[in-house]
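Reader: I'd like a close look at the contacts in this one, please. Could you talk me through what touches what, and how the copies are related?

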Protein chains: 4
Amino acid sequence: MIPRYSRPEMVAIWSPETRFRIWFEIEAHATTALAQLGVVPQEAADKVWELGTPATFDIDRIDEIERETKHDVIAFLTHLAEIVGPQARFVHQGMTSSDVLDTCLNVQLVRAADILLADIDAVLAALKRRAFEHKMTPTIGRSHGIHAEPVTFGLKLAQAYAEFARNRERLVGARREVATCAISGAVGTFANIDPRVEAYVAEQMGLEIEPISTQVIPRDRHAMFFATLGVIASSMERLAIEIRHLQRSEVLEAEEFFSEGQKGSSAMPHKRNPVLTENLTGLARMVRAYALPAMENVALWHERDISHSSVERMIGPDATVTLDFGLARLAGVVDKLLVYPQTMQKNLDRLGGLVHSQRVLLALTQKGASREDAYRLVQRNAMPVWRGEGDFLTLLKADPEVTRYLGDAEIEEQFDLGYHLKHVDTIFARVFGA
Amino acid sequence: MIPRYSRPEMVAIWSPETRFRIWFEIEAHATTALAQLGVVPQEAADKVWELGTPATFDIDRIDEIERETKHDVIAFLTHLAEIVGPQARFVHQGMTSSDVLDTCLNVQLVRAADILLADIDAVLAALKRRAFEHKMTPTIGRSHGIHAEPVTFGLKLAQAYAEFARNRERLVGARREVATCAISGAVGTFANIDPRVEAYVAEQMGLEIEPISTQVIPRDRHAMFFATLGVIASSMERLAIEIRHLQRSEVLEAEEFFSEGQKGSSAMPHKRNPVLTENLTGLARMVRAYALPAMENVALWHERDISHSSVERMIGPDATVTLDFGLARLAGVVDKLLVYPQTMQKNLDRLGGLVHSQRVLLALTQKGASREDAYRLVQRNAMPVWRGEGDFLTLLKADPEVTRYLGDAEIEEQFDLGYHLKHVDTIFARVFGA
Amino acid sequence: MIPRYSRPEMVAIWSPETRFRIWFEIEAHATTALAQLGVVPQEAADKVWELGTPATFDIDRIDEIERETKHDVIAFLTHLAEIVGPQARFVHQGMTSSDVLDTCLNVQLVRAADILLADIDAVLAALKRRAFEHKMTPTIGRSHGIHAEPVTFGLKLAQAYAEFARNRERLVGARREVATCAISGAVGTFANIDPRVEAYVAEQMGLEIEPISTQVIPRDRHAMFFATLGVIASSMERLAIEIRHLQRSEVLEAEEFFSEGQKGSSAMPHKRNPVLTENLTGLARMVRAYALPAMENVALWHERDISHSSVERMIGPDATVTLDFGLARLAGVVDKLLVYPQTMQKNLDRLGGLVHSQRVLLALTQKGASREDAYRLVQRNAMPVWRGEGDFLTLLKADPEVTRYLGDAEIEEQFDLGYHLKHVDTIFARVFGA
Amino acid sequence: MIPRYSRPEMVAIWSPETRFRIWFEIEAHATTALAQLGVVPQEAADKVWELGTPATFDIDRIDEIERETKHDVIAFLTHLAEIVGPQARFVHQGMTSSDVLDTCLNVQLVRAADILLADIDAVLAALKRRAFEHKMTPTIGRSHGIHAEPVTFGLKLAQAYAEFARNRERLVGARREVATCAISGAVGTFANIDPRVEAYVAEQMGLEIEPISTQVIPRDRHAMFFATLGVIASSMERLAIEIRHLQRSEVLEAEEFFSEGQKGSSAMPHKRNPVLTENLTGLARMVRAYALPAMENVALWHERDISHSSVERMIGPDATVTLDFGLARLAGVVDKLLVYPQTMQKNLDRLGGLVHSQRVLLALTQKGASREDAYRLVQRNAMPVWRGEGDFLTLLKADPEVTRYLGDAEIEEQFDLGYHLKHVDTIFARVFGA
């Protein structure tokens, strides 16, 4: 996470201010629950809420205490006691630091997931709008980077829409994975704290209770969360690379929006480079990489060790901030993408009709040619076209072995673009609903 | 995937025999659908089923054809034509190789997922049985590898149970991700094949239709599948490492079952090493590693490139066979684990009562000591015990600052083991149901 | 490692036959050394060599013994005793299994490295030959996929040559990392075996002694080895992607060799797809992925645990066989690459002279224009060309602000291709030597 | 990279101030070289140095310009022109942004490597001092976490020393990889700039010339750099995990230094947790993860794309700052490690003499027992000891099959600790020199 690739709302989730505020809420809700159970005085809970809610937690002061105690939660509690006074001794009763830390991390991840869901919604909205705009804009479909058969530009975007709709669903699942709360004490036995405290805090914080925790909330949940972000980032990369391909000089079927005043190159002023999508390609590599330490974090020793903590202090912000920035950028790129239907048509016509070869092949077999013969006939007329030595339609009409099966009109029929687009409606209905 | 770490049922999914059989089924179902639509003669479809169903596909012959054509599906279709005769020319009408290949891969992954689900069920069953067996077997809970407070061995296993129950749910989701079928032609437009063929084949093969494919089924699905296997492997690693810790000489609370005739070391005949769980630790690293190329596979160029194929030819078998082997091994390890409750008790008593320090701390604060004072009092009596210089209970009773708050009976009360285990039932009910 | 992507020589290194033969050599050399030291009878050593050298080790028999003992080296030694007779009891004296296993693994990796070095040499030879062939073949240089300024096709290959020359050097280093031998006993103290045995075996096997081993040879060595393979694979990917780009329909400056009889697509017979380089792209993902478990293998517990073993049984063959196959394929692709200089020239001319924009920019500043003014002038004449509305040279000559600084001849001078190629000799001398 | 795990010297390398200062040096040296070649006026170069050297570059102003131009180098040059005045138009003549950016990145990485080398030196110094301190401190060697045979604590540290000495050598190699300079213009052809400028700048900046660049310095160099950091981090993890094991309650042979005032647990005041080495374990996961995007960065498109840039903006600081922090922490941990020789001895005696089982085995075979018989005899006397039912020495003396081969004195001889330590000097000489 670096400022260059960060957006303030996501960054704020990971600020010390937010963290301490969440800690406060967890501790204060727990104190309320303890008071309801008669474990601590009600006035202690009241005082905590009364003095803690408006308080500004002094981060420098907390840091100072932590430098001495080398323990962040104790430092916070000590500072809270400075604000709340003697009643603070009823705070954190029977709890362990991880009750606060792990529940807080999950609150942060849930909030991050909510922002990411909004980001995906923006990507989806942009994709849908542009997909319908170009629903019937013909363009060449390419496999292996080689011209294959016609598709529409809307179909390309519809594919991306379907992919991001899946990603949305995955992210909803990943959010659910980490939306749990644990207030279960030093090794998760509730020895010193009633399970009802956990239930109360969970409800107040919008979380589910963690069925069984062992000082820590189990890290398979977080591994799944970050792995899911890695998959979403990979989809982001796919769309970014598609756009980079479309913008390359020889293709130029689409371009990232290029603002006035923007300079593409210090040396070559004519250049308009797909720098946003290249950037997204790099960011995807990072988000993907974070999935691995998250998985390595799962195997904590016994009831817990703290090796996961440094990893999460980094990838928590790094993965969510970077993906948020990337998705927002992607939504903007799609939204403002410059699309050039004329170039698409020009590229489509480039191969002298070769894109219709499969139709010719099928027509030949329908008329009784063996598959092998049909293949041979098509290929021997395709090769000269490929080498720039003629036009596929003309060559076919002149090949006596071909005309033995197909008349001129029948051959021409195979070159109709509409033929390829007849099911676009069907596919759009599948993707966007009827 | 190597024979040493393979089980035959999973290996069989990835054999050429299975692959060609699935290809045949896809092609034959598609021919049936085409016949129903009147595109090809019904007798062609009948003949394909009649002659293809009992046929043994000659893998060497297919390989031979592929060496010439450098194309595996064409090689198969050529061989099928050798079996079926001239009617074979109606097979594969309007389809593209990827229709067969991608649908086949998904059938294989779905079958692999089914085996893995059964594996997880075996792990769950073993964990549940042993968890209830040791529901109330006290053992020390450890954080940072340091004794913390008592838990039960059943709780350890219940945690693992809950984790694998989550993994089961994740795997069901991952199976759903890849349970799709695409028969959509060269670039996914259904130009030469009716979408109803896809619907028919999907239903026959137990799959959903892929809403939008582009010659290929999109690889975000497979990325999610393999990432999920990586998370499951990480949970496997966690449990394996727990057992390795329990078996180390100084702890020895549990041991892998050690069969007669087994030799632990060529040099040190007394040794009984946790080699199975060490092995699982290594296997987990492999399954986790496969998630990455799967994610890199997502960003195919345009409507498809074939860079994913070599990756999947490897990680398809490697990840599923390795995880299957690992989970089966894990289920056996748990099932036959030698558990030593007496050693657990001995270790629990090791620290001279220090595990009760938090209770003493709480009792002190309940009686009016400030948190800071209570902490100081507990720590100054704990440190000598830690150094082996005395017993915690005795020292506390002899500390006048402590006895200012707590009488002897009150101090002793804090040393009751039952106190820690009072919520084990609650937790078991959460994990295993009421 | 799968047969499809394997070459026999590398596969053979990892066969049980090879492994047992290496084990035999290590054990037999050690016995010789022990005899020289007077620890075991000379006739024992002689008998081992005499009966073991011509012996065919019965893999099924060894497997059978291992199934009972669950220990591979003991199984081998038991089988060796069946061959050698009672003198076999002097074999393996004071050694531990890992002495054999780890030294054997290193022998295998060293042999694998030697094959990979030969592979790189083949890649280098092909690159050099083709680089000189096309040393002066002009082609457009592209940054961001956008036309930049002219280069030559030879320069592209020279860059790849320099990169693979670096990879060669890295591989020499990686080979040196793993070329060590340990015969140091159960925990590396030489308690039961004289260090001179290790020195003797090391020399006989072409290895260095491991300065300090702890039952195992430390795995940072192997991590470095596999990480290096990952870097080499990434270079392989770079060159593969370059070729894939050059072959795409709109570019078509080069093509993979396309053999007679090869079929590009079951549906589209005209297609000639860069399937070999796409395949290499996928293989690179695999080799890269193996670096990670190799790094996770470093942190073995105490003097050793065996978690590394399952990883190495897989990635040992998988990484070396896959990279060997990939590099050999790459050498062939480069060697037989179809290069189309005419298309290169056509593409070079595509942008109506825009590739000369920087030269114009510089000429303007040389004549006194401020950098900002020059940039603005060039950009305003470049934009219409970019949109296909005119020719750069013509527009510049018609711009009075431009002609204030440069006359017609001076403008034309900036459009000279030779200007860009004047240092090709210099660069070739740097890369290939004078 | 987060402040919590950062040290100022390494952070400073990645500050905007440092970056702009390096840019300035590169540009100014290049201007000097251009002046020497007569391409630009000498007074321009002089003015640049004169006004630029003492200048404070205004980062906010540069950011402001970049927001408009969306190009960082142009923004810097514009700001430099504000400082230097009209002579600034001679700066950057014939260069491209990447000439500055890539050379700057390499300068930063070289400086980072120098700090890391100093870090490793500190780790080595601490390891060496403690290794000699405990050269002859006996401790049990463990394989699989199970007691094996005696070693010394000094040997453990000597192993780590040898490993970090290798890492030092690797880092020197990695530093060399990235110590190159490219000033070769838009596509690396030196079209607009004389290669002598590059040679001059390289020399001034302490770098080698990049033999062939293509706008960018090839990224295989950086991949190797970051992969090397990943390997070093893995060694850091190994040593950290060793210490974590030694500190666990049941072992307690060593402890991280525990300062006054430090609190181990908010709930359990007696706890002294190995939090520093747990932290290092997590940090290692991160540094390792960064190797992957660095490898993915290698395959840039054609002469360059900019996808590597966002990755490097993150992993450049993240990997070097995190590893620097980790190594410095590791040096401190080793330096101040609390070592408990008495506990080592106690643990060594724990298994009732079983650690001598191999010696007994060897003695039996030396006296004529077959290997299989000897193994059986040792194992049957070892098993009761393992179960806590007796003492190995006593049992052996009472076993008539054993005493058939060995007398009492001969048996006792096998239990001598000195026997195991006789080659410690040899090993120390290998590791630290004679």
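**From one chain to its neighbours**

Author: Let's start with the record: an unreviewed UniProt entry has the annotation "domain: Adenylosuccinate lyase C-terminal", covering residues 352-432 of chain A (UniProt positions are given in the numbering used here, feature names are shortened, and annotations may be inferred rather than shown by experiment). Bear in mind that this is a predicted model, where local features need pLDDT of at least 70, side-chain atom pairs count only at pLDDT 80 or more, and totals for chains, interfaces and linings use all residues. Residues are numbered from 1 along each chain as its sequence is written, while chains are lettered from A and ligands numbered from 1 in the order in which they are written.

That stretch, 352-432 of chain A, is 68% helix and 0% strand, with its end C-alpha atoms 34 Å apart. Helices here are DSSP runs of H or I with at least four residues, strands are runs of E with at least two, and both are numbered from the N terminus.

Chain A is also split by an automatic or database domain assignment into domain 1 (1-93), domain 2 (96-257 + 270-348) and domain 3 (354-414). The centres of domain 1 and domain 2 of chain A, taken over C-alpha atoms, are 30 Å apart. Between them, 21 residues of domain 1 of chain A are in contact with 28 residues of domain 2 of chain A, contact meaning that the C-beta atoms, placed from the backbone, lie within 7 Å. On the domain 1 side, α1 (8-13) and α2 (16-36) of chain A each supply at least two residues, and α2(A) gives the most, with 10. By class, that side has 14 nonpolar, 2 polar and 5 charged residues. For the classes, Ala, Val, Leu, Ile, Met, Phe, Trp, Tyr, Cys and Pro are nonpolar, Asp, Glu, Lys and Arg are charged, and the others, Gly among them, are polar.

Now over to chain B and its contact with chain A, which takes 70 residues from each of these chains. Elements of chain B giving two or more residues to this side include β1 (138-143), β2 (146-152), α7 (153-178) and α20 (424-432); α9(B) gives the most, with 13 residues.

A rotation of 180 degrees with 0.0 Å of shift along its axis superposes chain B on chain C, at an RMSD of 0.0 Å, which is the relation of a two-fold axis. In chain B, A289(B) comes closest to that axis, at 2.9 Å (C-alpha).

Note on methods: Least-squares fit on C-alpha atoms with pLDDT ≥ 70 in both. Contact = placed C-beta atoms within 7 Å.
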